[in-house]
Amino acid sequence: MAGQAQFEELARQLSAVGAVKRDMGRILPPDCPGGSAAVLTLLGRHGDMRMSKLAELLAVDMSVTSRHVAHVADRGWIERSPDPADKRSRILRLTPTGQEQLDELSRRTTHLLTERLGDWSDDDVGELIRLMTRLRASFGDCRSAPPRPSAPVLEETTRTPART
């Protein structure tokens, strides 16, 4: 198992990932904030789904999900239709315009990553993907998973010199 110093450095590096996320947020079109981009990305990856499933995948409350969904629906990027299995629920589906927006987001993201990581080897990029996938899997669904018991904290003890 990695030592405490390594975990402390990992925590610092993960905090710095915020700069990467902010930079990626800057490339989004003005009418497509991060939450909307996430909705389009998840619908593109997983296909049609209920709002409850989307909220689960986004790991946010239904009220937040509803705002994101309203935003993308108002722009015609998704459609909401009654769920045949449960008329109280809605099925969310990308529209052709939504797919075009998702394709544009993908182009922008790919361009930024190509620009910033152009000097990385294919193996380096592959290793980053593998490790980030593993990191995410280790945390599971942060929204619903019960907290894991924390590792015991090693306390420094002060030794008193022995008297002779």
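In which sense do strand β1 and β3 pair, and over how many bridges? The model here is a predicted one, with local features needing pLDDT of at least 70 and side-chain atom pairs counting only at pLDDT 80 or more, while totals for chains, interfaces and linings use all residues. Residues are numbered from 1 along each chain as its sequence is written, and side-chain values use heavy atoms, leaving out hydrogens and water.

Strand β1 (residues 49–50) runs antiparallel to β3, with two bridges between them; strands here are DSSP E runs of at least two residues, and helices H or I runs of at least four, numbered from the N terminus. Pairing takes at least two DSSP bridges. Arg 50 sits opposite Ile 91 of β3. Strand β2 (residues 78–83) is also antiparallel to β3, over six bridges, and Arg 80 has Leu 92 as its bridge partner there. Between β2 and β3 there is a hairpin of two residues.

Now to the core, meaning buried (under 20% relative accessible area, 1.4 Å probe, protein chains only) Ala, Val, Leu, Ile, Met, Phe, Trp, Tyr and Cys residues joined through side-chain atoms within 4.5 Å. The largest nonpolar core holds 19 residues, and Leu 40, Leu 43, Leu 54, Ile 78 and Leu 92 touch the most other members. Helix α2 gives the most, five residues. Leaving aside residues up to four places away in sequence, Ile 78 touches Leu 40, Leu 43 and Leu 92, among others; contact means heavy atoms within 4.5 Å.

In α2, Ala 37, Leu 40, Thr 41 and Gly 44 meet Gly 98, Gln 101, Leu 102 and Leu 105 in α5.

Technical notes: Buried < 20%, exposed > 50% of the residue type's maximum accessible area, 1.4 Å probe, protein only.
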